[in-house]
Amino acid sequence: MQPALEVHLVRVRTDDGDVEIWLAATPIDEALDRVLDVIPEGWTVSLDPRQIGPEQIAVLNMTIGEIRRYQPV
């Protein structure tokens, strides 16, 4: 499995109106669809405009294609 070189932030709004941030180690044009594949039906997604730098991507230790809910430590 190859390490991710790009990770995009996806804002997810739940049925309850809560907002979650998900990480998508995919090309930007696939990020929303890939997150939609793993969240419950009816939740909505949008790209977050913030960028993740190379150092931060390395710390995340994600592989290409991986989707993960961001959970702050």
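This is a predicted model: local features need pLDDT of at least 70, side-chain atom pairs count only at pLDDT 80 or more; totals for chains, interfaces and linings use all residues.
**Exercise 1. Strand pairing**

Find which strands pair with strand 1, and how they run.

*Solution.* 
- Start with strand 1, residues 8–13.
- Six bridges join strand 1 to strand 2, residues 19–24, and the two run antiparallel.
- Strand 1 and strand 2 form a hairpin, with five residues between them.
- In that turn, glycine 17 has a positive phi of about 90 degrees.
- Now turn to strand 3, residues 44–47: four bridges join strand 1 to strand 3, again antiparallel.
- Take arginine 13 as an example. Valine 19 in strand 2 stands opposite arginine 13. In strand 3, arginine 13 has threonine 44 as its bridge partner.

**Exercise 2. A salt-bridge network**

Trace the salt bridges of aspartate 48.

*Solution.* 
- Aspartate 48 pairs with arginine 11, with the closest N and O atoms 3.0 Å apart.
- This pair links distant parts of the chain, 37 residues apart: aspartate 48 lies in the loop between strand 3 and helix 2 (54–60), and arginine 11 in strand 1.
- Aspartate 48 also forms a salt bridge with arginine 50, at 2.8 Å between the closest N and O atoms.
- Join the steps: Arg11, Asp48 and Arg50 are linked in a network of salt bridges.

**Exercise 3. Buried or partly exposed?**

Classify aspartate 48, arginine 11, arginine 68 and glutamate 66 by relative accessible area.

*Solution.* 
- Buried means under 20%.
- Aspartate 48 has 6%, so aspartate 48 is buried.
- Arginine 11 has 34% and is partly exposed.
- Arginine 68, at 26%, is partly exposed.
- Glutamate 66, at 24%, is partly exposed.
- Arginine 68 and glutamate 66 meet in a salt bridge, 2.9 Å from N to O.

Notes: Residues are numbered from 1 along each chain as its sequence is written. Side-chain values use heavy atoms; hydrogens and water are left out. Two strands pair if DSSP finds at least two bridges between them. A salt bridge is a side-chain nitrogen of Lys or Arg within 4 Å of a carboxyl oxygen of Asp or Glu. Buried means under 20% relative accessible area, exposed over 50%, partly exposed in between (1.4 Å probe, protein chains only).
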